[in-house]
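My entries follow in the order I made them.

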Amino acid sequence: MLGKPRRIRRKASKLRFKQRIAKIPDSLLKKTDATYRLKIRKRDKHCQYPNCTSTKGLQNSHYHGRAIKSTRFDDDNCIALCYWHHFASKLLGFEYQKQRKEVHGYDGQYTLFMRSRLGSKRFAALDRRAKKKLILTKEYLTNLLTSLTT
């Protein structure tokens, strides 16, 4: 038998993993999300889907999903969409139109819209930011929240 028994090795790796991840209170993350969502709604004022002026049921849509921490609170990554154009319609909903030419052979409507909205350089910069790793910390979220509320 070489080294430590399996049970001890597993406990040690779990401990190292827990030490790498900062504990963030759920309430802080939820409050930051809610404040950021309001900021995007105020900025856009209505649904950003082409030719839609709906102001009801606006949602914060992320081109690169919320799970990607480096662009979760990025102004270039988020737009306000009404529920219909965000999720409800399988044909029109932007959430189902994120295809990329590099992967799928064609660009979906959301990709084309974001590329025209941001321009080629800002869209490429957004993609680069989305590929970077970011660990959300309590300090990062607290600073972001204070900057959003001032």
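**Entry 1: Asp44**

I looked up what Asp44 touches and found Ile79, Ala80 and Arg117, leaving out residues up to four places away in sequence; contact means heavy atoms within 4.5 Å. I note that this is a predicted model, in which local features need pLDDT of at least 70, side-chain atom pairs count only at pLDDT 80 or more, and totals for chains, interfaces and linings use all residues. Residues are numbered from 1 along each chain as its sequence is written, and side-chain values use heavy atoms, with hydrogens and water left out.

Asp44 lies in helix α2; helices (H or I, at least four residues) and strands (E, at least two) are DSSP runs, numbered from the N terminus. Is Asp44 buried or exposed? Asp44 counts as buried because its relative accessibility is 8%; buried means under 20% relative accessible area, exposed over 50%, and partly exposed in between, with a 1.4 Å probe and protein chains only. Its side chain makes a polar contact of 2.8 Å with the side chain of Arg43. A polar contact is a pair of N or O atoms within 3.5 Å, one able to donate a hydrogen and the other to accept it within protein, and residues adjacent in sequence count only if both atoms are side-chain atoms.

**Entry 2: core**

I then went to the largest nonpolar core, which has 26 residues, with Cys47, Ile79, Phe94 and Met114 having the most contacts inside it. Such a core is a set of buried Ala, Val, Leu, Ile, Met, Phe, Trp, Tyr and Cys residues joined through side-chain atoms within 4.5 Å. The largest share of this core, 5 residues, comes from β2. I listed the neighbours of Met114, not counting residues up to four places away in sequence: Tyr63, Asp76, Asn77, Ile79, Gly119 and Phe123.

**Entry 3: pocket**

The largest pocket is lined by 15 residues, and Asn60, Ser61, His62, Arg66 and His86 lie nearest its centre. A pocket is an open set of points on a 1 Å grid over the protein atoms alone, where a 1.4 Å probe fits, with protein on both sides within 12 Å along at least five of seven lines; lining residues have an atom within 4 Å of a point. I noted that β1 gives the largest share of the lining, 4 residues.

**Entry 4: whole chain**

I counted 7 helices and 2 strands in the protein. Along the sequence the pattern reads α-α-β-β-α-α-α-α-α. Buried residues make up 36% of the 150 residues.
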